[in-house]
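Subject: Structure handover

Hello,

I am passing on the structure below, with notes on what was found in it. Please read them with the structure open.

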Amino acid sequence: MKRVFLDNAATTALHPKVIDAMVEAMDGRYGNPSSIHAEGRAARAALEQARKTVARFIGASIGEVFFTSGGTESNNMALKCAVRDLSVVRIISSPTEHHCVLHSLEAIERSGKARIDFVNIDEKGHVVVPHLETLLQQDAGKTLVSLMHSNNEIGSMIDLYEIAALCQRYNALFHTDTVQTMGYFPINVSQTPISFLSGSAHKFHGPKGVGFIYINKENIVRPFVDGGSQERNMRGGTENFYGIIGLAKALQIAGDNMEANCRQITEVRNYFADQLQQHIEGVRFNGDPFERGHYKVLSASFLASSKSDLLLLNLDVEGISASGGSACSSGADAGSHVIAALGGDTTRITVRFSFSDLNTREEVDFAIEKLRKLLPATKQMAIV
């Protein structure tokens, strides 16, 4: 049965060259990077080369890049270490952040060690910058601003430099979750004053279970995971060596092909949006997909119908992989906190379609054909 994968904001397929790089490392480099013998030194050299690749891609020094298990750990580390080690007593974030940020903020607030404020967002999911500045003007003690570069459900984006400059003006730290944008947009921390930045390999055709955190050298924090001297004493535990090799290779490939991939993904995503508008009655798009949104994400809402109640399941049966929002909460029935924050119509059915450079117009045509069977078609295009 033919299948079309339109859930690339949840994860992406491993690039064949990434698989090759990881297999080569598995076959020939089995030493522990912390060991001083020849096998250990060979693994250490490869690991540090991977660190250089990541550092070069984001404009950081190698001493500012630390490998983690992924975006969730990196975000937890940034938020909790800032409170513990940098005297942060207030965090400003948004109600549409990823759950790993929101749940971390809840834990911090319960501890009583920092106050949490939420900046307003507009109907398209953008941060209301004047309100953020108003919050920063308040004399509330050392502050960290935590805002994701691109929302994982609707794709709405912040201007990294604008937010970073605003934080710098008011002497606030700035953490940004770039899990969805790493490998898709150029990011240079040497030109943008960012305190902490998070990335995850499986969003840009790398392996799952590995990511990284950038920590500006001015921010001296203690380990988030204790247990050893790995990662320059910043994260105990033997490194996920093969995953790190895959992460670096995937990021290198993404960087080398960024412009071409952007054109390809944008063209397919826009064609999909156009076909939805032509063939599906009452379709709407959440966020700001065609102006200040991520080009790989299209969050669409549909009129409810007898066949739409189990739309995601029915799409899966028909060979289409999509999601209702964040993959991290896909098993919950509470609905999307992002759509709720936008004041979305709860009677409509929301589906997040997300794309990669592997998707084609032919796959879009296949998906539209299946959607026309499951949703009310436009009157002029109705199937007789």
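To begin with one side chain, K373 is partly exposed, with a relative accessible area of 40%. The side chains of K373 and E318 form a salt bridge, at 3.2 Å from N to O. This pair links distant parts of the chain: K373 belongs to helix α12 (residues 361–374), E318 sits in the loop between α10 and β11 (320–321), and the two are 55 residues apart. E318 has a relative accessible area of 18%, and because the cut-off for buried is under 20%, E318 counts as buried.

Please keep in mind that this is a predicted model. The average pLDDT of the chain is 93, and 96% of the residues score at least 70. One is residues 329–333, for which the model has one contact beyond four places in sequence. The other is residues 380–384, with five contacts beyond four places in sequence.

Salt bridges

How many salt bridges does the count come to? The count comes to 17. Besides the pair above, two more are described here.

D316 and R3 form a salt bridge in which the closest N and O atoms are 2.6 Å apart. D316 lies in helix α10 (residues 311–317) and R3 in the segment before β1 (4–5), so this pair ties together parts that are 313 residues apart in sequence. D316 is partly exposed, at 39% relative accessibility, and R3 is partly exposed with a relative accessible area of 39%.

E239 and R44 also meet through their side chains in a salt bridge, at 3.4 Å from N to O. E239 is in the loop between α7 (230–233) and α8 (241–256), while R44 is in helix α2 (residues 38–58), so the pair ties together parts that are 195 residues apart in sequence. E239 counts as buried, at 8% relative accessibility, whereas R44 is partly exposed, with a relative accessible area of 23%. Both residues belong to one network, in which salt bridges that share partners join R44, E48, R51, E231, R232 and E239.

Helix α4

Helix α4 (residues 99–111) has 13 residues. From its first C-alpha to its last, α4 reaches 18 Å, close to the 18 Å expected at 1.5 Å a residue. Which residues of α4 are buried? They are C100, V101, L102, S104, L105 and I108. An α-helix has 3.6 residues a turn, so residues three or four places apart point the same way. The buried residues of α4 are covered by elements including α3 (71–85), β3 (90–93), β4 (115–118), β5 (143–146) and α11 (337–341). After α4 comes G112, which has a positive phi, near 75 degrees.

A three-stranded sheet

Three strands form an open sheet in the order β9-β10-β12, with antiparallel pairing. Its edge strands are β9 (284–285) and β12 (349–354), each of which pairs on one side only. Strand β10 (residues 297–302) and β12 run antiparallel and are joined by six bridges. In this pairing, V297 stands opposite S354 in β12.

Which helix lies across β9, β10 and β12? Helix α9 (residues 258–279) does, and it runs at about 10 degrees to β10.

Regards

Technical notes. Residues are numbered from 1 along each chain as its sequence is written. This is a predicted model: local features need pLDDT of at least 70, side-chain atom pairs count only at pLDDT 80 or more; totals for chains, interfaces and linings use all residues. Side-chain values use heavy atoms; hydrogens and water are left out. pLDDT is the predictor's confidence in each residue, from 0 to 100. Contact means heavy atoms within 4.5 Å. A salt bridge is a side-chain nitrogen of Lys or Arg within 4 Å of a carboxyl oxygen of Asp or Glu. Helices (H or I, at least four residues) and strands (E, at least two) are DSSP runs, numbered from the N terminus. Buried means under 20% relative accessible area, exposed over 50%, partly exposed in between (1.4 Å probe, protein chains only). The expected span of a helix is 1.5 Å times one less than its number of residues. Two strands pair if DSSP finds at least two bridges between them. Axes are lines fitted to C-alpha atoms, for helices over the stretch in contact, and angles run from 0 to 180 degrees between N-to-C directions.
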